[in-house]
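Subject: Structure handover

Hello,

Here is the structure for your files. My notes on it follow below.

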Amino acid sequence: MSAIAANSLYPAHLHSIKARADAALQKHGFDHLLVASGVEKLEFLDDRPYPFKTNAQFKAWLPLTHHASSWIAYTPGLKPVLVYYQPDDYWHVPPTQPEGAWVEHFDIRIISDPADAAKHLPTSGRRAIIGEPDAALPGFEPNNPKGLLDYLHYHRGYKTPYELAVMRLAQRRAVPGHLAARAAFKAGASEAQIHAAYLAATGQTDLDLPYSNIVCLNRNGATLHYQYKSNDVPSQHRSLLIDAGADVDGYASDITRTWGNGDARFESLVNAVENEQQALCGLVRAGTDYRDLHLECHLRLGNVLRTLEIVDMDPGQMLDAGVTSTFFPHGLGHPIGLQVHDVAGFTDEDGTLIPRPAGHPYLRMTRTLAPGMVVTIEPGIYFIPTLLAKLKATPHAKAVNWSNVEHLLPFGGVRIEDEVHCTEGAPENLTRDAFAALA
Ligand SMILES: [Mn+2]
């Protein structure tokens with residue numbers, strides 16, 4: 001799927017976004033939907049801006065990701081208005097003239113002063129104003145009506161064909177980075193060097209990434225959101241766990257790979273986790289409750305722990321006793337799209353919580369899978385000293401083969417993560433398809 005093909009799908013996407021807005025406005029009693037892109041924020045007592053991140057509800061309408069102080073105003077039946085902020089600025093490069101497949105679908109009003117947006121936005125009627133508090137203009141204070149937002153968030157779980165096309169491109173963009181990272185690991189690089197290789201291969205800077213890359217050598221893989229990139233080159237390169245994505249037109253990819261150094265026990269673990277991960281990807285089917293997949297994942301990982309002689313216990317007992325959670329202390333995955341962790345993974349259309357299974361507080365997706373959803377499938381097995389110490393203090397400690405655990409501790413852990421599109425039939429693995437296309 002090329003970028004041009006994605007463009008051809010844009011009009012139907014906008015039609016869907018408008019239809020969702022129509023339904024949300026009608027259901028919750030509003031006449032107009034106003035969406036603020038957001039504002040650039042400055043450091044305290046300084047004039048340096050923080051990285052700008054666009055309101056996801058703004059970029060749902062059109063692929064503008066670097067445009068602070070802009071607005072969309074939509075009234076059902078009318079062409080949506082885009083208030084497009086283009087300052088006369090010689091300190092920074094201002095936004096270019098509007099261009100792209102979306103331009104003809106908007107009534108575009110260019111402003112050079114953020115306050116001038118007020119001249120182009122509806123002042124009467126019942127207005128739902130979506131935005132962060134800082135985006136407020138006099139008379140246009142975001143009210144973020146909960147019911148309306150819940151509705152829009154929920155329906156973002158179902159991707160349009162345009163969104164799927166762009167998300168495939170986001171996969172394609174990330175995969176060369178993963179291949180380059182692996183090569184840098186094999187060549188003995190530091191975490192910082194591996195990260196740099198990833199950025200170069202994907203044509204991104206840190207600011208372009210949909211989330212900060214997680215680049216872990218050795219034991220650092222046991223910290224789930226390890227936030228550093230060390231410049232130190234370790235004496236041994238045992239393992240690389242890299243969780244890194246890419247952005248295309250505001251849509252994220254989120255891919256994790258783990259590589260070993262030939263150690264037989266660690267390689268067996270990586271292969272076993274990957275086998276279960278692939279089986280779980282195959283279970284992304286319409287009508288399946290994602291919570292059941294998460295619990296199925298625990299049983300499968302319990303079986304891996306038993307087969308590899310790490311824990312000698314029945315997998316069902318391991319799940320019930322929380323032993324699998326020692327080694328797999330996060331959720332199976334989450335919805336993804338305009339946000340890496342897309343909203344509304346555990347609420348219904350009215351914002352009501354769809355509860356997580358007891359004892360699984362970190363699961364980010366509890367909805368039943370349906371065609372159009374894209375979710376990550378990211379099982380892992382980690383050797384986390386604090387959690388292992390807690391397990392050691394329980395009666396289940398005797399089921400653990402601590403010498404195997406000691407052997408694997410310096411490798412940190414394993415996580416394998418793909419994005420999977422739930423369809424009417426067989427699932428589409430966006431990530432594996434991207435790797436295959438570049439092989
Ligand atoms: Mn993820």
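Leucine 34 touches Trp71, Ala73, Leu121, Arg127, Ala128, Ile129, Ile130 and Phe140, with residues up to four places away in sequence left out. Contact here is taken as C-beta atoms, placed from the backbone, within 7 Å of each other. This is a predicted model, in which local features need pLDDT of at least 70, side-chain atom pairs count only at pLDDT 80 or more, and totals for chains, interfaces and linings use all residues. Residues are numbered from 1 along each chain as its sequence is written.

Core

Leu34 and Ile194 have the most contacts inside the largest nonpolar core, which has 116 residues. A nonpolar core is a set of buried Ala, Val, Leu, Ile, Met, Phe, Trp, Tyr and Cys residues joined through C-beta atoms within 7 Å. Buried means that 20 or more other C-beta atoms lie within 10 Å of the residue's own, exposed means 12 or fewer, and partly exposed is in between, again with C-beta atoms placed from the backbone. Helix H5 (residues 161-186) provides the largest share of this core, twelve residues. The core lies between domain 1 (3-155) and domain 2 (161-438), because both give residues to it. Helices (H or I, at least four residues) and strands (E, at least two) are DSSP runs, numbered from the N terminus.

Domains

The protein is divided into domain 1 (3-155) and domain 2 (161-438), with bounds that come from an automatic or database domain assignment. Their C-alpha centres lie 33 Å apart. The contact takes 20 residues from domain 1 and 18 residues from domain 2. On the domain 1 side, the elements that give two or more residues are helix H1 (3-8), H2, H3 and H4. H4 gives the most to that side, with six residues. By class, the domain 1 side has twelve nonpolar, five polar and three charged residues. For these classes, Ala, Val, Leu, Ile, Met, Phe, Trp, Tyr, Cys and Pro count as nonpolar, Asp, Glu, Lys and Arg as charged, and the others, Gly among them, as polar.

Within helix H4 (residues 146-155), Leu148, Asp150, Tyr151, Leu152 and Tyr154 are buried. The buried residues of H4 pack against helix H2 (10-28), helix H3 (56-59) and strand E5 (127-130).

Helix pair

How do H5 and helix H6 (residues 191-202) pack, in terms of angle and axes? The angle is about 145 degrees and the axes are 7 Å apart. Axes are lines fitted to C-alpha atoms, for helices over the stretch in contact, and angles run from 0 to 180 degrees between N-to-C directions. H5 passes H6 in a right-handed crossing. A crossing is left-handed if the near helix is turned anticlockwise from the far one by less than a right angle, and right-handed if clockwise. On H5, the contact is made by Arg173, Ala174, Pro176, Gly177, Ala180, Ala181, Ala184 and Phe185. On H6, the contact is made by Gln193, Ile194, Ala197, Tyr198, Ala200, Ala201 and Thr202. The residues of this contact divide into eleven nonpolar, three polar and one charged.

Single residues

Tyrosine 84 is in strand E3 (residues 81-85) and is buried, because 23 other C-beta atoms lie within 10 Å. Apart from residues up to four places away in sequence, tyrosine 84 touches Ser70, Pro98, Ile108, Arg109 and Ile110. Tyrosine 84 and tryptophan 71 are 13 residues apart along the chain, and their C-alpha atoms are separated by 6.9 Å.

Glycine 302 belongs to helix H8 (residues 290-307). With 22 C-beta neighbours inside 10 Å, glycine 302 counts as buried. Beyond four places in sequence, glycine 302 is in contact with Pro315, Met318, Leu319 and Thr324.

Leucine 45 has a positive phi, near 60 degrees, and lies in the loop between strand E1 (32-36) and H3. Leucine 45 is exposed, with 5 other C-beta atoms within 10 Å. Glutamate 309 has a positive phi of about 60 degrees and sits in the loop between H8 and helix H9 (315-321). Glutamate 309 counts as exposed, because 11 C-beta neighbours are inside 10 Å.

Alanine 115 is in the loop between strand E4 (107-111) and E5, and with 10 C-beta neighbours inside 10 Å it counts as exposed. Alanine 115 and alanine 36 are 79 residues apart in sequence and 12 Å apart in space, C-alpha to C-alpha.

Regards

Technical notes: Two residues are in contact if their C-beta atoms, placed from the backbone, lie within 7 Å.
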